[in-house]
Amino acid sequence: MATSQIDLATFREVTENFEAYCAICLRVKDKRGDLIPFVWNRAQRHIHALLEKQRKEKGYVRALLLKGRQQGGSTYVGARFYHRTSTTPGRSAFIVAHEDKATNNLFEMVKRYHQHNPLAPSTKNSNAKELVFGAIDAGYKLATAGTDDVGRSNTAQLLHGSEFAYWNNAAMHLAGIGNTIAKAEGTEIILESTGNGVGNQFHMLWQTAESGQGDYIAIFVPWFWQDEYEDNPPDNWELTPEDIEYQNAYGLTLRQMAFRHGKRLEYGQGQEWLFDQEYPACAALAFQSATKHPLISPGLVMAAVNNVMFRERQGPLLIGCDPAGEGDDRTAIVFRQGRTVFRVEYHSKLDTMQIAGKMAQYHREMSPDGIFVDKLGLGAGVYDRLVELGIPVIGVGAGSKATNSERYENKRAEMWWLMAEWFANAPVRLPNDAALIADLSTFQPETSSNGRRQLESKQKLKRRGIRSPDGADALSLTFSEPVAAKGHGYEGYGSYQSPTSAGY
């Protein structure tokens, strides 16, 4: 299509509407190898909405994109940056992938956009390493992670980092890129990847972004958003109890479950866990190891998040507070009534008096049946101040003796196991809070030498590259001891009576 074939109205639409620009001006290859217009899918619309929200709020973009295989994330980012560089004077983009083949594939995609674009600017130079739009002094360059030219001696405003979890020396490269791309208006850094275990730079950045800290936002795309990820159920195939839990957690069809079943068979016996890494249904599942299983499964957590029809709020109104000081941890406050968690808060760098002041305010405003505060570290001062104010507060020592000391190694293990049983005894309702969702599937269960139930230590979590689960710790406090309800009213549907409504 020649430029002259686009009328004035269409020209205005494609310059003002990026989605229309992609559909009218850009071409992609489908899975048969045919060139087709680039029409966005659900995942790409979701990614675009979150990036634009950050751009409007901050003036720049810093984003981590976690997704499954072939969901169009790289295609979208490539188009976004091609559009910026080909229509904005002086704008340059930089592509970096984990290996030469991947870098070249991304660059070929960009050059395909340019080759078939009826509004393409003239090129000054086009070769295996760069695409330069001479008339507007803009363009694209590419490099491979691990080479000397990553982020050094390059001037760019846009970075597309592909499969970032697989980069060698990712921290070093990111530092160099950070020096190249200033945190200035109009700049963008988008790092996209599938998961690659825990403890690497992508995983650590993701945890920080997921918890609402730092410059980066966390964008997740579940595999089942892809319409093509379904298959015919095989003959005589039956869902296992684990399959049914997974299906219910994410609201999947039998054809989607058949796709999952087929992929897990491809990975082979003992390697089925790879499906969750390559095709994650939630962010927590993307960061996998082959042998470890959390005390509270991501499936149960997501079932509680997706349980939108359960709005019951009966039983004791409880508030759990896990205080934190000046470090990386945040003070987390969780509000639970019966089987519904209806509110989660995180606060950074609050001192003892500020945290105590918040808890006193909630006591006045909400008249909860129980306020639980972790008494370790900063929490000891919070607890003492609330007692001084005459506020009934329950101080919890996570390392203290469990109520049922024959079954649990300490109080922390007891609270977490009771919380796990609470999830297993559905229905449960959780808010869609990314940090809390991830936190709840953090700990691995262990057994002490004397046969009691315990959790792995937080030192082990740190060695595995996992942050402290502040939100889940705050929720677990509400299971430290039974509290009787004072008769709070509620609004909701149904008449389900929780088996723990008179206590936990």
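This is a predicted model: local features need pLDDT of at least 70, side-chain atom pairs count only at pLDDT 80 or more; totals for chains, interfaces and linings use all residues.
Visitor: Is Glu163 buried or exposed?
Guide: Glu163 is not a glycine, although its phi is positive, at about 50°. A residue is buried under 20% relative accessible area, exposed over 50% and partly exposed in between (1.4 Å probe, protein chains only). The relative accessibility of Glu163 is 8%, so Glu163 counts as buried.

Visitor: And Asn236, is that residue buried or exposed?
Guide: Asn236 is a residue other than glycine with a positive phi, near 60°, and it lies in the loop between E10 and H8. Because the relative accessible area of Asn236 is 83%, this residue is exposed.

Visitor: Which residues does Ser211 touch, beyond four places away in sequence?
Guide: Ser211 lies in the loop between helix H7 (201–210) and strand E10 (217–220), and its 4% relative accessibility is the reason why it counts as buried. Taking contact as heavy atoms within 4.5 Å, and leaving out residues up to four places away in sequence, Ser211 touches Arg330, Ala435 and Arg467.

Visitor: At what angle do helices H8 and H12 pack?
Guide: Axes are lines fitted to C-alpha atoms, for helices over the stretch in contact, and angles run from 0 to 180 degrees between N-to-C directions. The axes of H8 (residues 241–250) and H12 (residues 298–305) are 7 Å apart, and the helices pack at an angle of about 35°.

Visitor: Which residues of H12 meet H8?
Guide: On the H8 side, the residues taking part are Glu245, Ala249 and Tyr250. On the H12 side, they are Pro298, Gly299, Leu300, Met302 and Ala303.

Visitor: How do the rings of Phe259 and Tyr279 pair, stacked or edge-to-face?
Guide: Rings of Phe, Tyr and Trp (its six-membered ring) pair if their centres lie within 6.5 Å, and planes under 30 degrees apart count as stacked, over 60 as edge-to-face and the rest as tilted. By this rule the count comes to 28 aromatic pairs. For Phe259 and Tyr279 the centres are 5.7 Å apart and the planes stand at 80°, so the pair is edge-to-face.

Visitor: How many residues apart in sequence are the parts tied together by Phe259 and Tyr279?
Guide: Both Phe259 and Tyr279 are buried. Phe259 lies in helix H9 (residues 254–267) and Tyr279 in the loop between helix H10 (274–278) and helix H11 (283–286), so the distance in sequence between the parts they tie together is 20 residues.

Visitor: What share of the residues in the protein chain count as buried?
Guide: The protein chain has 18 helices and 17 strands, and its pLDDT averages 86. Of its 504 residues, the share that count as buried is 52%.

Notes. Residues are numbered from 1 along each chain as its sequence is written. Side-chain values use heavy atoms; hydrogens and water are left out. pLDDT is the predictor's confidence in each residue, from 0 to 100. Helices (H or I, at least four residues) and strands (E, at least two) are DSSP runs, numbered from the N terminus.
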